[in-house]
Amino acid sequence: MLYVFSKIQKMANALGVSIKSLFEPSDDVEGYIRIGKRGYQFNSREELDTILKEKSGKVC
């Protein structure tokens, strides 16, 4: 268990955040996702949900 905590602590330090923040829900989400050969950018959890719902028929 101490080994796991040590790894989590190293990840938090590398990211410059607290360990607690790694486990807190966050609405601050942005990124890119590729579905098939097409890429999509999202700037919020809602946009990601919309993309996934619209493309759910194409996801295998």
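Two strands count as paired here if DSSP finds at least two bridges between them. Strands (E, at least two residues) and helices (H or I, at least four) are DSSP runs, numbered from the N terminus. With that in hand, let us walk through this predicted model, in which local features need pLDDT of at least 70, side-chain atom pairs count only at pLDDT 80 or more, and totals for chains, interfaces and linings use all residues. Residues are numbered from 1 along each chain as its sequence is written, and side-chain values use heavy atoms, with hydrogens and water left out.

Strand 1 (residues 31–35) and strand 2 (residues 38–42) run antiparallel and are joined by 5 bridges. At one pairing, I35 has R38 in strand 2 as its bridge partner; at another, G31 stands opposite F42 of strand 2. Between the two strands of the hairpin there are 2 residues, and G36 in the turn has a positive phi of about 65°.

Now follow the side chains inward. A nonpolar core is a set of buried Ala, Val, Leu, Ile, Met, Phe, Trp, Tyr and Cys residues joined through side-chain atoms within 4.5 Å; buried means under 20% relative accessible area, exposed over 50%, and partly exposed in between (1.4 Å probe, protein chains only). The largest such core has 5 residues, namely I35, Y40, F42, L48 and I51. Strand 2 and helix 3 (45–54) are the elements that give two or more residues to this core.

Is K55 buried or exposed? With a relative accessible area of 17%, K55 is buried. Not counting residues up to four places away in sequence, K55 touches I35 and Y40. K55 and G36 are 19 residues apart in sequence, with their C-alpha atoms 9.9 Å apart in space.

Turn next to the helices at the other end of the numbering. M11, L15, V17, L22 and F23 make a nonpolar surface patch of about 490 Å². Patches are made of residues with over 30% relative accessible area and no salt bridge, like charges being joined within 9 Å and nonpolar side chains (Val, Leu, Ile, Met, Phe, Trp, Tyr) within 5 Å. The areas come from the Shrake-Rupley method with a 1.4 Å probe, and for residues only the protein chains shown count as cover. Helix 1 (2–15) and helix 2 (19–23) each supply at least two residues of the patch. M11, in helix 1, is partly exposed at 48%, and L22, in helix 2, is partly exposed at 31%. L22 also touches I8, A12, L15 and V17, residues up to four places away in sequence not being counted.

Finally, look for charges. Side chains of opposite charge can pair when their charged atoms come close. The structure holds 1 salt bridge, meaning a side-chain nitrogen of Lys or Arg within 4 Å of a carboxyl oxygen of Asp or Glu. K20 and E24 form it, their closest N and O atoms being 3.7 Å apart. K20 is exposed at 61% relative accessibility, whereas E24 is partly exposed at 40%.

Terms used. Contact means heavy atoms within 4.5 Å.
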